[in-house]
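Student: Could we go through this structure by question and answer? Please keep to what can be computed from the atoms.

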Amino acid sequence: MSTDLSTTSSEVVEPNSLREVMLFCAVLLVEIYSLAVSFGGPFFEVGYFLLVVVSQTFAGAYIWAQLRKSDVNLPLPELLAMGFAIGSASAAISQLIIRDLLGIRLFLSPLIPIIGVAIWLITKRNPQLPVTITHADTNTLLWLLFPAPLALSFFIWQLLLFFVLPMVLVATLSYKAKSRGYLVTLFSIAALAAVFGEFMRRFQQISTALSLVGFDEIFDEAHAIGFSNWGIGENISRSGEPFAYYKLSHIWLGPILELTRAQPMIITTSVMLIGVFTVVGLALWTVTFHIHNSSLAAGISAILIFVQHSFPEPHNLPIRLAQCLVIVYLITGLTAISKSWNNTLLNSLVMSTVVFVTFSTRTQYGLIIFIAILFSKFVALIMDKSTMRQTISELLPSCLAVVMFFYVFLNHPGPAVVLPNSASLLGLGKLFVGYLGVRALIPIFTSHRYSSNNQRLLLNVIFSAGLIYFVIPQSALSGSPEWTIAVISTILISREVVYLTRTQSKGFQFGVFVLTFVAGILIRLSFDLYIWKDINNLNSLLGVLARYSTSGENITFQTTLPFLLCIAIVFIVVKIRKISIRFQSVVILAALSMSFGVSTATTSRTLTRYFRYDQDIRGVIDDDTPMSWYTQSERIIAIRWLRENSRTDDIFAHNTLVPNYKQTSYSASLILGDVTHRRAYAEATYGENLQKAYPKIKFRQSQNLREDLQRLDTSYFFPIDPSWFWLKNLQKANVKWFVVDLGNTTLRDWEPWATTRFMNEKVAILELAQAPVPSN
């Protein structure tokens with residue numbers, strides 16, 4: 001199956017009118033906005049956030065159009081995807097310059113790309129776009145409406161029932177409506193989002209946005225606020241402790257949150273999440289169309305990864321900002337690198353920018369793309385397609401970009417903790433092959449060769465991801481090789497899917513799909529059946545089978561075994577016996593639809609998990625969890641008082657780390673820092689517990705574990721038994737305020753060590769005594 005769609009599918013490209021472009025963008029914005037509001041996002045705050053991000057995107061799109069004016073025609077999805085990447089990255093880099101280089105605490109960075117382009121347009125004689133916009137049509141739009149809701153339906157099963165499935169019907173009607181397609185789609189989206197939002201408000205006791213909040217999301221938002229206010233070297237959850245971390249996504253988000261005064265966590269898990277997933281779909285469409293020159297392949301690529309978002313276990317789509325945004329930069333970066341620039345200097349500048357941005361957003365992905373570039377250049381050198389001088393001149397800027405990244409972001413003490421591989425090499429190999437099976441082996445085994453340099457570049461990225469999977473400890477990778485392989489292989493697989501639609505009848509395709517889709521569901525449900533069984537009540541044979549099938553790496557291997565068998569059949573039969581390539585398309589359809597079945601059945605686990613553990617399906621946050629600071633009115637009022645009556649540089653301590661601070665939620669300090677926009681005195685550490693298991697590991701929590709524990713002791717004992725000793729510890733760290741969770745102490749008066757400035761049934765806010773502590 002070596003059909004190259006770029007040569008066999010010559011599409012008629014017609015320029016679109018301004019009206020069509022505006023309607024295309026309006027429908028996408030209505031979907032993002034209406035879904036964000038239905039998730040619980042505040043009406044005006046969602047609008048402010050979208051206004052800033054959309055303005056950045058349009059500014060970046062204009063810059064991209066200027067850079068690519070030699071192309072004459074540019075698809076609208078490409079302008080939007082590249083515009084978002086350029087606008088957000090330039091805003092983040094501007095924040096680096098304003099806050100960390102110049103030391104100015106002024107949240108202008110979100111507006112820098114907008115102001116820059118505005119000045120350019122004012123001073124330029126002909127400010128019009130230098131390119132013609134194409135693909136702003138209903139056919140393209142309908143594909144791009146599904147990435148975000150499909151991605152989030154894995155975590156919110158109700159979204160699949162009340163929005164995604166009805167939207168499939170709407171998309172069909174819009175496609176047939178043609179001239180009225182935009183309006184039909186627009187009003188349908190708003191209506192479906194309203195129905196979904198009303199159902200969730202009646203169904204859950206908390207907003208949908210808060211139900212998506214986890215430690216990673218809290219970490220990202222809290223540190224985004226911290227880095228924006230005090231620089232990239234300051235830890236908001238433990239004042240005075242600099243630590244090294246890649247933070248480009250955080251310094252993009254933080255100033256926007258400060259500028260719009262966004263409600264804590266609601267924006268991050270509603271409009272931002274929906275918007276970024278939409279851009280991921282746009283980016284996948286862009287790079288696929290650029291490589292295959294097929295809008296059908298591009299549309300399939302935009303949604304394929306999302307309809308198989310849980311294949312195989314235990315991987316699923318990440319929803320944290322750093323993970324989502326780096327996928328955007330990875331895909332748009334590959335698009336930029338694969339373009340022909342006809343200028344060695346500009347080509348090197350583009351490549352080094354891509355390397356710096358991906359490294360700075362998520363170092364693991366930056367390493368993958370950097371190794372892929374190195375491999376591509378050395379292969380060209382070995383095959384005499386490049387000279388040594390040319391290779392060095394092309395690689396040197398990228399190497400300098402890596403050095404600059406380390407100098408900017410990792411020049412602080414306390415690097416991130418790296419645990420050794422906990423699985424054996426055989427176990428890692430089994431996991432890797434299982435994940436690689438349906439994603440990478442299909443394009444590799446079913447294609448005789450790749451004639452395009454851009455297609456070979458994607459294969460180099462897959463090879464690079466596979467290489468670092470085994471070389472670097474798993475704790476440092478955070479799933480980056482697996483998701484790189486999944487995303488990049490999707491671009492190549494989409495070509496095979498298009499070829500499938502051209503070689504098989506619709507009836508035959510439907511039959512194979514249904515059969516293997518049901519098989520995938522049965523595989524998923526059989527796994528769940530073992531989980532529901534009490535292993536102790538099973539006989540020895542079933543008990544062994546249950547234990548084997550329910551462990552993470554074993555179920556990964558087990559659920560992917562059918563796919564590997566299909567690929568093996570393709571390899572043996574097609575490569576050796578030269579059977580018709582149509583047989584390949586059948587196996588590809590079987591593998592992909594079986595994966596879809598696994599993914600669909602996995603979505604139901606969100607529901608079954610509640611019944612299995614007797615949880616309240618309506619989403620209740622208990623009073624004694626740190627998350628209650630986001631939901632309980634008494635706590636919200638107290639924290640709002642502290643934020644309004646304290647200065648930005650004030651430091652607070654708190655006793656939410658108890659009753660057992662050594663086993664408490666790691667997110668306690670981050671939550672209060674996120675809500676107050678102030679730095680905390682002590683961080684809820686798990687370092688002591690980890691030290692028992694890994695005594696040879698150096699932890700990133702602090703330079704001195706003893707000092708950490710002293711801060712925790714002070715936070716624990718001061719509200720219970722205040723003394724000059726505890727006050728002195730607090731004064732050393734310049735702590736001014738103490739947030740007392742009244743459920744963790746019986747005291748209601750802390751004089752003379754502190755004065756109560758605010759108190760209600762849940763929380764007391766104390767202002768610590770500033771007088772010198774008596775020497776005795």
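Student: Is Arg 105 buried, exposed or partly exposed?

Tutor: Buried means under 20% relative accessible area, exposed over 50%, and partly exposed in between, with a 1.4 Å probe and protein chains only. Arg 105 has a relative accessible area of 32%, so the class for Arg 105 is partly exposed. This is a predicted model, in which local features need pLDDT of at least 70 and side-chain atom pairs count only at pLDDT 80 or more, while totals for chains, interfaces and linings use all residues. Residues are numbered from 1 along each chain as its sequence is written, and side-chain values use heavy atoms, with hydrogens and water left out.

Student: Which residue meets the side chain of Arg 105 in a salt bridge?

Tutor: A salt bridge is a side-chain nitrogen of Lys or Arg within 4 Å of a carboxyl oxygen of Asp or Glu. The N to O distance for the partner of Arg 105 is 2.6 Å, and that partner is Asp 649.

Student: How many residues apart in sequence are the parts that this pair ties together?

Tutor: Helices (H or I, at least four residues) and strands (E, at least two) are DSSP runs, numbered from the N terminus. Arg 105 lies in the loop between H4 and H5, and Asp 649 in the loop between helix H28 (633–644) and strand E3 (651–654), so the parts tied together are 544 residues apart.

Student: Which helix gives the most to the nonpolar patch?

Tutor: Patches are made of residues with over 30% relative accessible area and no salt bridge; like charges are joined within 9 Å, and nonpolar side chains (Val, Leu, Ile, Met, Phe, Trp, Tyr) within 5 Å. Accessible areas come from the Shrake-Rupley method with a 1.4 Å probe, and for residues only the protein chains shown count as cover. The patch has about 800 Å² of accessible area together, and its residues include Ile 97, Ile 104 and Ile 119. Helix H4 (76–101) and helix H5 (112–123) each supply at least two residues, and the one that gives the most, with 3 residues, is H5.

Student: Which residues does the salt-bridge network join?

Tutor: The side chains of Lys 339 and Asp 71 meet in a salt bridge at 3.8 Å, N to O. Lys 339 lies in the loop between helix H15 (321–338) and helix H16 (344–361), and Asp 71 in the loop between helix H3 (43–67) and strand E1 (73–75), so the pair ties together parts 268 residues apart in sequence. Lys 339 counts as buried at 9% relative accessibility, whereas Asp 71 counts as partly exposed at 27%. Salt bridges that share partners make one network of Arg 68, Asp 71, Glu 78 and Lys 339.

Student: What separates Glu 198 from Arg 202 along helix H9?

Tutor: The side chains of Glu 198 and Arg 202 meet in a salt bridge at 2.8 Å, N to O. Because the two are 4 residues apart in helix H9 (residues 181–203), their separation is about one helical turn.

Student: How many residues of strand E7 are buried?

Tutor: Two strands pair if DSSP finds at least two bridges between them. Strand E5 (residues 735–741) pairs with E7 in the antiparallel sense over 5 bridges, and strand E6 (residues 754–759) is joined to E7 by 5 bridges, also antiparallel. Both faces of E7 are covered, with Val 763, Ile 765 and Glu 767 on one side and Ala 764, Leu 766 and Leu 768 on the other. The buried count for E7 (residues 763–768) is 6 of 6.
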